[in-house]
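Student: Could we go through how parts of this structure pack together, step by step?
Tutor: Gladly; please keep the model in view while we talk.

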Amino acid sequence: MLILLLEDDSLIGDGIQRGLKKSGMSVDWFRSGKEGYLALSSADYDAVILDLGLPEMDGMDILSAWRKEGLTTPVLILTARDALPDRLSGLNAGADDYLIKPFSLDEVVARLQALVRRSRGFAQASLDYGALSLQMEQRTATLHGQPLDLTAREYTLLELFLMNRQRILTRAQIEDKLYGWSDEIESNAIEVYIHHLRKKIGNKFIITKRGLGYLLGDAP
């Protein structure tokens, strides 16, 4: 998952970014309201964590502007504004969830996962495809009931394909989901990860569409 984080507090932002990366998510972090506002239209983010008290542009104004522009990316408001009118204003402005500081990082991860699942039409915390099953909360996978030994990025790539069935994913789209802006990407990294998944699940599990990208193939 690729997460857009808008948070001006360096300590909180750093903690969220580190925690989400440990959970297998890629994070682009902006401290400026204006920069964060523009960022959402620059990449295919799966969800947004939005603080309301941002410099240059208030979080509520950012959210309202996104929704007026037709951007439907799920937004989790993360703020110290705990009064009921503030929560209602955020939800009415188009937020999908609202969490008060201080917070548990595990809860942030769980809420993000739930928001992304629902936005893709998956109600349950598992993704099943033939004999393959992903348990999204535990970030584990089984094949024919047996555990699959996956690296963090292999799991993220597998989750990406299962949440985008019948959709061709370009190399650039895959890189966006697996890496943040500040991460270095080796030239053949995507091909290596796809090769590993084919080896562990099946040669026809991921299909190469020459000149276009990759598509989820046969269910194991």
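Student: At what angle do helix H6 and helix H7 pack, and how is H6 described relative to H7?
Tutor: In this predicted model, helix H6 (residues 152-162) and helix H7 (residues 171-178) have axes 10 Å apart, and the angle at which they pack is about 125°. Angles of 65 to 115 degrees count as roughly perpendicular and those over 145 as roughly antiparallel, so this angle makes H6 oblique to H7.

Student: Which residues of H7 meet H6?
Tutor: On the H6 side, the residues taking part are Arg153, Thr156, Leu157, Leu160 and Phe161. By class, the contact of H6 with H7 has five nonpolar, one polar and two charged residues. The residues that H7 brings to this meeting are Ile174, Lys177 and Leu178.

Student: Why do the buried residues of H7 lie on the same side of the helix?
Tutor: The buried residues of H7 are Ile174, Glu175, Lys177 and Leu178. They are on the same side of H7 because the arc that they cover around the axis is only 165°.

Student: Is Leu71 buried, exposed or partly exposed?
Tutor: Leu71 sits in the loop between helix H3 (59-68) and strand S4 (75-79), and, leaving aside its neighbours within four places in sequence, Leu71 is in contact with Leu40 and Trp66. Buried means under 20% relative accessible area and exposed means over 50%. Because the relative accessible area of Leu71 is 21%, Leu71 is partly exposed.

Note on methods
Residues are numbered from 1 along each chain as its sequence is written. This is a predicted model: local features need pLDDT of at least 70, side-chain atom pairs count only at pLDDT 80 or more; totals for chains, interfaces and linings use all residues. Side-chain values use heavy atoms; hydrogens and water are left out. Helices (H or I, at least four residues) and strands (E, at least two) are DSSP runs, numbered from the N terminus. Buried means under 20% relative accessible area, exposed over 50%, partly exposed in between (1.4 Å probe, protein chains only). Contact means heavy atoms within 4.5 Å. Axes are lines fitted to C-alpha atoms, for helices over the stretch in contact, and angles run from 0 to 180 degrees between N-to-C directions. Angles under 35 degrees count as roughly parallel, over 145 as roughly antiparallel, 65 to 115 as roughly perpendicular and the rest as oblique. Ala, Val, Leu, Ile, Met, Phe, Trp, Tyr, Cys and Pro count as nonpolar, Asp, Glu, Lys and Arg as charged, and the others, Gly among them, as polar. The arc is that of the directions from the helix axis to the C-beta atoms.
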